[in-house]
Amino acid sequence: MENKRNTEQKRIIYDALMSADHPTASELYELVRAKYPRISRATVFRVLGQFADDGSALRLNFVGSDTRFDARTAPHAHCRCTRCGRVWDVLEGKVLQPLGEREVQGFLITSAALEFMGVCPDCRAALGETRDN
Ligand SMILES: [Zn+2]
Ligand SMILES: [Zn+2]
């Protein structure tokens, strides 16, 4: 019985992670709790840790931010807005190409984390800036 319950909780938490945008554990807990008030904060934190450990999710440790979680586990880069803190996936091939496994000067690169800092479209609009493209 316990196993079945755990599986159900994991599914709920994973679904929430898939639909959320790089949430912190606290943010994800708030999301899950809105729909499933009986799931505890400790459970959400524990299950997220398990996902990160077994490779079903990535832990993102940005400077100056709580750890965020990402259900997209393929290599990709992130843009982070320095004003509102939102995080986006960068999916452009040009940017992502260097993130795959490859050898550089005899060093075998197996993974990489790349973070672009900047200002997001919403914050740019709020600042009165226009987009060039
Ligand atoms: Zn922003
Ligand atoms: Zn991501």
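Reply: Strand β3 (residues 77-81) and strand β4 (residues 87-90) pair in the antiparallel sense over four bridges. This is a predicted model: local features need pLDDT of at least 70, side-chain atom pairs count only at pLDDT 80 or more, and totals for chains, interfaces and linings use all residues. Residues are numbered from 1 along each chain as its sequence is written, while chains are lettered from A and ligands numbered from 1 in the order in which they are written.

Me: What makes β3 and β4 a pair?

Reply: Two strands pair if DSSP finds at least two bridges between them. β3 and β4 have four bridges, so they pair. Ala77 stands opposite Val90 in β4. Strands here are DSSP runs of E, at least two residues long; helices are runs of H or I, at least four residues long; both are numbered from the N terminus.

Me: In the hairpin of β3 and β4, which residue takes a positive phi?

Reply: Gly85, with phi near 85°. The hairpin has five residues between the strands.

Me: How do you know that β3 and β7 pair, and in which sense?

Reply: Again by bridges. β3 and β7 share four, in the parallel sense. His78 has Glu115 as its bridge partner in β7, and Arg80 stands opposite Met117 in β7.

Me: Why is the pairing in the open sheet called mixed?

Reply: The sheet has three strands in the order β4-β3-β7. β3 runs antiparallel to β4 and parallel to β7. The edge strands are β4 and β7, each pairing on one side only. Neighbouring strands are turned by 25° against each other on average, direction ignored. That angle is taken between axes, which are lines fitted to C-alpha atoms.

Me: Why is Cys120 called partly exposed?

Reply: Count the other C-beta atoms within 10 Å, with C-beta atoms placed from the backbone: 20 or more means buried, 12 or fewer means exposed, and in between means partly exposed. Cys120 has 18, so it is partly exposed. Cys120 lies in the loop between β7 (115-118) and α5 (121-126).

Me: Which residues does Cys120 touch, not counting those up to four places away in sequence?

Reply: Cys81, Cys84 and Arg86. Contact requires C-beta atoms, placed from the backbone, within 7 Å. Cys120 and Gly85 are 35 residues apart in sequence and 9.0 Å apart in space, C-alpha to C-alpha.

Conventions. Contact = placed C-beta atoms within 7 Å. Axes fitted to C-alpha atoms, helices over the stretch in contact; angles between N-to-C directions.
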